[in-house]
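Welcome, and thanks for taking a look at this one with us. Here is a short briefing to read alongside the coordinates.

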Amino acid sequence: MKKETSLLLIIWTKRLLGFIAFLVWGYVIFTISQSPTPFIEQAPYCMGSTMLIFGLLTAVYKGLDHWSLKQNGH
């Protein structure tokens, strides 16, 4: 695969994963907020799911950055 093609693929993969992560996060937060429990009991689930979703996104981004640096020859 050409360098330009693979770098473009990495960029669009990042964008798509960011969009998907945002949608999943929104769905999870909405689902948690629909629970009849008080907010004080919902807060740990909101914080935990946010940290998990965006932590995984960060890890994937770092992996894609590492891959793009290898494609550039750095």
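Is Asn72 buried, partly exposed or exposed? With a relative accessible area of 35%, Asn72 is partly exposed. Please keep in mind that this is a predicted model. The points below take the helices together, then the charged pair that links them, then the surface and a few pairs of positions.

**How the helices pack**
- Two packed helices are described by the angle between their axes and the distance between the axes.
- Here, helix H1 covers residues 3-33 and helix H2 covers residues 39-72.
- Their axes cross at roughly 175° and come within 10 Å.
- Angles over 145 degrees count as roughly antiparallel, and H1 and H2 are therefore roughly antiparallel to each other.
- Sorted by residue type, the contact of H1 with H2 holds 18 nonpolar, 10 polar and 4 charged residues.

**A salt bridge across the pair**
- The count comes to 1 salt bridge.
- Its partners are the side chains of Lys14 and Asp65, with 2.2 Å from N to O.
- Because Lys14 lies in helix H1 and Asp65 in helix H2, the pair ties together parts that are 51 residues apart in sequence.
- Lys14 has a relative accessible area of 18%, so Lys14 is buried, the limit for that class being under 20%.
- Asp65 counts as partly exposed, at 29% relative accessibility.

**A nonpolar patch on the surface**
- Leu16, Phe19, Ile20, Phe22, Leu23 and Val24 form a nonpolar patch on the surface.
- Together, these residues have about 580 Å² of accessible area.
- One of them, Leu23, lies in helix H1.
- Leu23 has 48% relative accessibility and so counts as partly exposed, since exposed means over 50%.

**Pairs of positions to look up in the viewer**
- Asn72, the residue from the opening question, has its place in helix H2.
- Asn72 and Glu4 are 68 residues apart in sequence, and their C-alpha atoms are 9.3 Å apart in space.
- Ser33 belongs to helix H1 and counts as partly exposed, at 38% relative accessibility.

Methods
Residues numbered from 1 in each chain as written. Predicted model: local features only at pLDDT ≥ 70, side-chain atom pairs only at ≥ 80, totals over all residues. Heavy atoms only, no water. Axes fitted to C-alpha atoms, helices over the stretch in contact; angles between N-to-C directions. Helix = DSSP H or I, 4+ residues; strand = E, 2+ residues; numbered from the N terminus. Parallel < 35°, antiparallel > 145°, perpendicular 65-115°, else oblique. Nonpolar A, V, L, I, M, F, W, Y, C, P; charged D, E, K, R; others polar. Patch = residues over 30% accessible without salt bridge, like charges linked within 9 Å, V, L, I, M, F, W, Y side chains within 5 Å. Areas by Shrake-Rupley, 256 points an atom, 1.4 Å probe, with all protein chains shown as cover. Salt bridge = Lys/Arg side-chain N within 4 Å of Asp/Glu carboxyl O. Buried < 20%, exposed > 50% of the residue type's maximum accessible area, 1.4 Å probe, protein only.
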